[in-house]
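Subject: Two-chain model, handover and notes

Hello,

Here is the model I promised to pass on. Please look it over, then read the notes below it.

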Amino acid sequence: MSIDLNTNYGHVTITNEVISTVAGGAAVECYGIVGMASKNQIKDGLADILRKENFSKGVVVRQEDGQVHIDMYIIVSYGTKISEVAHNVQSQVKYTLDKTVGLSVDSVNVYIHGVQVAND
Amino acid sequence: MTIRTLDGATFAQMVLTGANHLTNNAKMIDALNVFPVPDGDTGTNMNLSMTSGANEVRNVVTNHVGEVGKSLAKGLLMGARGNSGVILSQLFRGFSKAVEDKETITTAEFAEALQSGVKTAYKAVMKPVEGTILTVAKESAQAAESLAQEHEDHIEFLEAVLKEAKASLKRTPELLPVLKEVGVVDSGGQGLVTIYEGFLANLKGEELPAHSGDLNNSMDEMVNAEHHKLAQDFMDTDDIVYGYCTEFMVKFEEDKLKETPYDEEAFRQALSERGDSLLVVSDEDLVKVHVHTEQPGEALNMAQSYGSLINMKIENMREQHTSIVGDQKSSESKQEKPKEEFGIVSVAMGTGIKEMLESLGASVVIEGGQTMNPSTQDIANAIQQANAKNVIVLPNNKNIVMAAEQAAELAEEQVVVVPTKTVPQGMSALLAFLPDQSLEENEKAMKEAAQQVKTGQITYAVRDTQIEGVDIEKGHFMGIIDGKISSSNQDKLQTTKQLLLDMIDEDEDEIITIIQGEEATSEEVETIEAFIEERFEDMEVEIHKGNQPIYSFIFSVE
């Protein structure tokens, strides 16, 4: 599945892989996120936190009736305001995709898959 | 006066002044906000977070620094908004953890607490972005450790820490390219410096100006100017869907809230249905709204059911945009168009081919081709229309080359004719054109490029004839390679397939471009594409709609 954009000069096809990598990259730049989680923990093993090349496992891009929805599975840091961190992720992912891919996202759903407790 | 030990009451006062000073400067900090999302709300967010922290501190009665820190951290966590607000909450969470059991603190302990805050804040992020509030907090905390050894007095100590924080803030554009691009320092970092300023002023018992004098005021304008430049560049006035930029605040009133309880999510949802660029932030007393909408009145009515409206501002963005763009356009049209260095005149048949040639760089495209040759006068007019010192003419048909050469002689400008005989030759020639080369060099390069490409055309015969040994009946289709008839058959697709087999050299050729004529159907194109893919699997196929008459297909092979 991919996203097609028509421009004056022709056609641009962007695969979901690209969208999920950009979305994942934007999300981990947000404060309060300590990692991306795999949406499928049993299949992908117990190692919770995904490395950069695997962001797409924690990001699902869905297209329904011409609308683009993104589901993200993240791990947040203990002691942060989770709702606010999630909200920051939503706005940053939407903004970054719009800026770099020219893609207007209709919804960014954030699933908090874990909380990392650091000793302090 | 020297303060060697800081007690809870003093620290609480410092926090309140810091929060207050941040409130006064929130707007200026908003204006600096370009990262990560340039939505201009960092100041607002930090202010709401800090105010929530300060409110908790105000409610606690104690002289124990640890207790004050705890309530500050709790208030910040509950009120945290935006990236910078969450970071701020983490900085003071770590801070309060370090002073938890302390009734009073020394400068060394203060420095230690700052460090602890930075550690906590950095733990909560996978990929810290330097050049932000995190950097300012880190660098000032690092400096604080050694500064605490020099200064036992809290005033001297904070003065030195603030100086370091400001220096660090000044360096943020070096670390974060987007800041440098816009020419601002980091907004979150500025927010933190503002809080520290408040801390120090309170210790010294000084009044702070409502606007921090350290920043030059032009920053405000810079951010706005950048914003406007973008709007002009990328938008048409007609593209504005929601015409009114509406900003207001609602001060909650209890009796109104009893009737319509405030629900931020529902309110945001209701507003988002009526507009975009939406921002709704609220605390216990206030909600701030920014929305672009067609019905500002409706938004105001909705908001009014929660309380009274304050600080309203509504702007007509269409008017603003038209006047900005209008100014620019009128100044452009006053100047007479200067002559370009190069102009290219080309001949095409079919709207699609015309567009393709224009997209490749032709300045003027004349309609014409087989059976409808443009006159010498047509070409001469086009040369003039190109409005250039040097004009290159691409006739794209052997019957037009002569007329083009005559027109070139008549023209006052420097004109050369690159005698392209087919559309693909013309396109190859256009691709070889380089505006920074001389006319002679371009002529040579374009002629060479035109020779590189093979042209195949499919058309039908208008009468019975025999050419070069091929018998052709009226109504049959003919395949023509570079002007020579190579195949003829009564079936269009059969002719086409034979033409392609004759034309393509699998070892040499890489790309085939199919230009679909007005008489060709998409099914035919698909069949041909499938045929090419089957027979020449390494060839790349490009398909364009040329809408040309007479020729069902034109093929270009390179």
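Accessible areas here come from the Shrake-Rupley method with a 1.4 Å probe, and for residues only the protein chains shown count as cover. On that basis chain B exposes about 27100 Å², with carbon and sulfur atoms supplying 47% of it. For chain A the accessible surface is about 6200 Å², and 50% of that belongs to carbon and sulfur atoms.

Two housekeeping points. This is a predicted model: local features need pLDDT of at least 70, side-chain atom pairs count only at pLDDT 80 or more, and totals for chains, interfaces and linings use all residues. Residues are numbered from 1 along each chain as its sequence is written, chains are lettered from A and ligands numbered from 1 in the order in which they are written, and side-chain values use heavy atoms, with hydrogens and water left out.

The chains

Helices (H or I, at least four residues) and strands (E, at least two) are DSSP runs, numbered from the N terminus. Chain B has 21 helices and 16 strands. Chain A has two helices and six strands. Read from the N terminus, the order in chain A is β-β-α-β-β-β-α-β.

Buried means under 20% relative accessible area, exposed over 50%, and partly exposed in between (1.4 Å probe, protein chains only). Of the 558 residues of chain B, 51% are buried. In chain A, with 120 residues, the buried part is 46%.

Contact means heavy atoms within 4.5 Å. Take contacts in chain B between residues at least 6 apart in sequence: 69% of them join residues at least 24 apart. For chain A, the figure for such contacts is 62%.

The interface

How many residues of chain B are in contact with chain A? The count is 26 residues of chain B against 26 residues of chain A. Buried area is the accessible area (1.4 Å probe) that two parts lose on being put together, summed over both. Here the two chains bury about 2200 Å² between them, 55% of it on carbon and sulfur atoms. B:Lys123, B:Met126 and B:Lys127 supply 26% of the area that chain B buries against chain A, more than any other three residues.

A polar contact is a pair of N or O atoms within 3.5 Å; within protein, one must be able to donate a hydrogen and the other to accept it, and residues adjacent in sequence count only if both atoms are side-chain atoms. Across the interface, 11 residue pairs are in polar contact (both at pLDDT 80 or more). On the side of chain B that touches chain A, helices H3 (65–79), H4 (82–99) and H5 (107–123) each supply at least two residues. H4(B) gives the largest share, seven residues. By class, that side has 16 nonpolar, five polar and five charged residues. Nonpolar covers Ala, Val, Leu, Ile, Met, Phe, Trp, Tyr, Cys and Pro; charged covers Asp, Glu, Lys and Arg; the others, Gly among them, are polar.

A salt bridge is a side-chain nitrogen of Lys or Arg within 4 Å of a carboxyl oxygen of Asp or Glu. Between chain B and chain A there is one salt bridge. It joins the side chains of B:Lys127 and A:Glu29 (3.5 Å, N to O).

Two residues to look at

B:Val125 sits in the loop between H5 and helix H6 (133–150) of chain B. B:Val125 is buried, at 9% relative accessible area. Leaving out residues up to four places away in sequence, B:Val125 touches B:Leu134 and several residues of chain A, including A:Val28, A:Tyr31 and A:Ile33.

B:Ser89 lies in helix H4 of chain B. B:Ser89 is buried, with a relative accessible area of 1%. A polar atom of the B:Ser89 side chain is 2.6 Å from the backbone oxygen of B:Val86.

Salt bridges elsewhere

The whole structure holds 20 salt bridges over all chains. One of them pairs B:Glu341 with B:Lys389 (3.3 Å, N to O). B:Glu341 lies in strand S5 (residues 340–348) and B:Lys389 in strand S7 (residues 388–394) of chain B, so the pair ties together parts 48 residues apart in sequence. In chain A, A:Arg62, A:Glu64 and A:Asp71 are linked in a network of salt bridges.

Best wishes
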